[in-house]
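This briefing covers a predicted model. It is grouped by topic.

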Amino acid sequence: MRHDREPVGKAFSGVDQARPSSRRWDRVLRRRLARSMPKGLFARTILILVVPILILQSVIAFVYFERHTQTVTTRLSEALVRDISALVDTLERDDLPNRTLIAQRLATRHFGMALDIRDAAALPPPSPRPFFSLLDQTLSRLLQERFNKPFRLDTSSRDKQISIILQLDEGRIMEVRARRSLAYASNSHIFLVWVGITSLLLLVIALLFLRNQIRPIQQLADAADRFGKGQAFSSKFKPRGAREVRKASEAFLAMRRRIERHVEQRTAMLSGVSHDLSTILTRFKLSLAVLPDMEEKQFLQKDVEEMQSMLTAYLDFAKGAEAEKASLTNLKSMLDAIQRDCSRAGHPVQLVYRGDPMVTIKPNAFKRCLDNLVGNAMRHAQAIHIEAHNNGSFCTIHVDDDGPGIAPDQREDVFKPFTRLDEARNQDEGGTGLGLSIALDIARAHGGNIQLDESPLGGLRASVQIPV
Ligand SMILES: Nc1ncnc2c1ncn2[C@@H]1O[C@H](COP(=O)(O)OP(=O)(O)OP(=O)(O)O)[C@@H](O)[C@H]1O
Ligand SMILES: [Mg+2]
C-alpha cells in the first residue's frame with residue numbers, strides 16, 4: 001500500500017509546486033489592478049459606466065463609418081467615372097463635328113465639371129500620392145478598370161477639387177476638374193459628431209442621476225463613521241435613495257437606537273447600584289465610627305474606604321463618558337497639563353508631541369482615560385515618557401514607564417473590571433482595578449483602542465489610538 005501511494009504523493013507535489021507561482025502572479029496582478037482602480041464608489045461607477053459605452057460607441061462608429069463611407073464613396077466615384085467615360089467617348093468620336101465643344105458643354109452644364117483639352121504627347125509627371133486616402137484608392141481602381149489609358153489623378157489639392165488627366169487617342173490630353181464632394185462621402189464625420197454629442201449628453205444625465213444615488217450611501221458611511229467615533233451626526237440624516245440603501249440606513253438607525261438605549265440602561269443601572277451601595281456604605285461608616293477602637297475596626301474602615309473609592313470611580317464613569325459631546329480640543333495642552341500635575345506630584349514626565357494638536361474628542365472623558373494610564377505609571381514606576389503623534393488619520397499616545405510592567409499573558413486580563421495584579425505583588429496601596437477598563441471604554445467610545453506592550457524604558461507601554 002505504502003509503495004503504491006508514493007508516486008501519487010510525488011505527482012501531487014509537482015502540481016503543488018506549479019500552483020503557488022501562478023497563484024502568486026494572480027495575487028500580484030489583482031493587487032496591482034486593485035491599486036490602480038479608483039477608490040471611491042462614484043469614480044468606480046463612472047468607470048463601469050463609461051468604459052463599456054466608449055467601447056460600444058467606438059465599435060459601432062468604426063463599423064458604420066467604414067461601411068457607409070466606403071459604399072457611398074464607391075457609388076459616387078463610379079458615377080464620376082461614368083461621366084468622364086461619356087466625355088471620352090464624345091471626344092473620340094471622329095464622325096462628330098464640334099465634338100470638343102459638345103464635350104465641354106456636357107461637362108460644365110450637365111456633369112458639373114471643368115474640362116480642358118490640350119495638345120500634348122505625354123502626361124505630366126505624377127504628383128505624390130497620399131499615404132492613405134479612400135478616395136484616391138477607389139478612383140484609381142475605377143479609372144483603371146474603365147479606361148485602358150494612362151492617367152494622372154490628384155485628389156490632395158487644397159481647394160477641395162480633384163483633377164483627373166487622361167491621355168486621349170490623338171496626341172491630346174484631357175483634364176477634368178470636379179468638386180471633391182462629387183466623388184466622396186465628405187460629410188460622414190457629422191455622424192461621428194452626433195454620436196459624440198449624444199454620448200456626452202447621455203453620460204452627463206447618467207452622472208447626475210448617479211450622484212443622487214450615491215449621495216445617500218456617502219451620507220450613511222459618514223453617519224456610521226461618526227457614530228463609531230462617538231461623535232454626533234446630523235439629525236437631518238434620513239433613509240434616502242434606492243431600496244437597498246434605504247434599508248441599510250433604517251437598519252443603521254435602529255442599531256443606533258438600540259445601542260443608545262442599551263448604554264442609557266447600563267448607565268442608569270450603574271448609577272442606581274452605585275448610589276444605593278454608597279448609601280449603605282455611608283451607614284457602615286457611621287456604624288464603624290461609633291464602634292470602640294479595635295484592630296478589626298481599622299481593617300473594616302480600610303475596606304469600606306476602598307469600596308467607597310471604587311464606587312466613586314464607577315459613578316463618575318457612568319455619569320460622564322457617554323453624555324459628553326465630542327469637540328475640537330487641543331490635545332497638546334491637555335498633555336501639558338497632565339505633565340505639570342505629575343511634576344507637582346514628584347514624577348517628572350518627558351513629553352513629545354508631533355502633528356496637529358487639535359483633535360475631536362470628548363475632553364473630560366479623554367482626560368480621565370489619560371489620567372488613568374499616567375496614574376498607573378506613577379503608581380508603579382519612576383520615569384514616565386509620553387509620546388503623542390497625530391498623523392491626520394489616527395492619533396496615537398504612548399505612555400511608557402520603567403516599572404515592573406505586565407506579563408504578556410496578563411495584558412488582556414487587566415482590562416477586565418476589578419482586576420488588580422497588585423494584590424499578587426503584595427502592594428497594599430492600590431486602586432479599585434477599574435482604571436484600565438474605564439480607559440478602554442473611553443477609547444472605544446472614541447472609535448479607538450488601547451494596547452499594552454513592553455516599554456523601551458523596561459516597564460509597561462500603554463498605547464491609546466483613536467481615529468481623528
Ligand atoms: N504601568 C503599570 N505597570 C505595572 N502594572 C500595571 C500598570 N498599570 C496597571 N498595572 C496593573 O494592572 C492592574 C489594573 O490596573 P487598573 O488601572 O485597571 O487598576 P488599578 O490601577 O489597580 O486601580 P484604579 O486604576 O481603578 O485605581 C493594576 O492593578 C496593576 O497591577
Ligand atoms: Mg489604575
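Asn98 is exposed, because its relative accessibility is 57% and the cut-off for that class is over 50%. Asn98 sits in the loop that lies between H2 and H3. The model is a predicted one, and in it Asn98 has a positive phi of about 55 degrees although it is not a glycine. Most residues other than glycine have a negative phi.

**Helix packing**

- Helix H2 covers residues 41-91, and helix H3 covers residues 99-111.
- The axes of H2 and H3 come within 8 Å and cross at roughly 165 degrees.
- An angle over 145 degrees counts as roughly antiparallel, and H2 and H3 are therefore roughly antiparallel to each other.
- The crossing of H2 and H3 is right-handed.
- Helix H5, residues 189-228, also has an axis that comes within 10 Å of that of H2, with a crossing angle of roughly 165 degrees. Because of that angle, H2 is roughly antiparallel to H5.
- H2 and H5 make a right-handed crossing.
- Helix H6 spans residues 243-290.
- The axes of H5 and H6 come within 10 Å and cross at roughly 15 degrees. That angle makes H5 roughly parallel to H6, as angles under 35 degrees count as such.
- The crossing of H5 and H6 is left-handed.

**Surface of H2**

- A nonpolar patch on the surface is formed by Leu47, Val51, Ile55, Val59, Phe62 and Val63. Together these residues have about 530 Å² of accessible area.
- Val63, one of the patch residues, lies in helix H2. Val63 counts as partly exposed because its relative accessibility is 46%, which falls between the limits of 20% and 50%.
- Ile60 is also found in helix H2. With 44% relative accessibility, Ile60 counts as partly exposed.

- Ile60 and Val195 are 135 residues apart along the chain, and their C-alpha atoms are separated by 9.6 Å.
- Thr74 and Ser287 are 213 residues apart along the chain, and their C-alpha atoms are separated by 117 Å.
- Ser287 lies in helix H6. Ser287 counts as partly exposed, at 45% relative accessibility.

**Salt bridges**

- The count of salt bridges comes to 17.
- Arg354 and Glu387 meet through their side chains in a salt bridge, at 3.0 Å from N to O. This pair links distant parts of the chain, with Arg354 in strand S6 (residues 349-355) and Glu387 in strand S8 (residues 384-390), 33 residues apart.
- Arg354 is partly exposed at 39% relative accessibility, and Glu387 is partly exposed at 29%.
- Salt bridges that share partners join Asp116, Arg118, Glu175 and Arg177 into one network.
- Within that set, Arg118 forms a salt bridge with Asp116, and the closest N and O atoms are 3.3 Å apart.
- Arg118 counts as partly exposed because its relative accessibility is 33%. Asp116 is also partly exposed, with a relative accessible area of 29%.
- Asp341 and Arg344 form a salt bridge through their side chains, at 3.5 Å from N to O. Because Asp341 and Arg344 are three residues apart in helix H8 (residues 331-344), they are separated by about one helical turn.
- Asp341 is partly exposed, with a relative accessible area of 37%, whereas Arg344 is exposed, at 65%.

**Points to check in the viewer**

- Which helices have axes that cross at roughly 15 degrees? These are H5 and H6.
- Which residues are joined into one network by salt bridges that share partners? They are Asp116, Arg118, Glu175 and Arg177.
- Where does Asn98 lie? Asn98 is in the loop between H2 and H3.

Terms used. Residues are numbered from 1 along each chain as its sequence is written. Chains are lettered from A and ligands numbered from 1 in the order in which they are written. This is a predicted model: local features need pLDDT of at least 70, side-chain atom pairs count only at pLDDT 80 or more; totals for chains, interfaces and linings use all residues. Side-chain values use heavy atoms; hydrogens and water are left out. Patches are made of residues with over 30% relative accessible area and no salt bridge: like charges are joined within 9 Å, nonpolar side chains (Val, Leu, Ile, Met, Phe, Trp, Tyr) within 5 Å. Accessible areas come from the Shrake-Rupley method with a 1.4 Å probe; for residues, only the protein chains shown count as cover. A salt bridge is a side-chain nitrogen of Lys or Arg within 4 Å of a carboxyl oxygen of Asp or Glu. Helices (H or I, at least four residues) and strands (E, at least two) are DSSP runs, numbered from the N terminus. Buried means under 20% relative accessible area, exposed over 50%, partly exposed in between (1.4 Å probe, protein chains only). Axes are lines fitted to C-alpha atoms, for helices over the stretch in contact, and angles run from 0 to 180 degrees between N-to-C directions. Angles under 35 degrees count as roughly parallel, over 145 as roughly antiparallel, 65 to 115 as roughly perpendicular and the rest as oblique. A crossing is left-handed if the near helix is turned anticlockwise from the far one by less than a right angle, and right-handed if clockwise.
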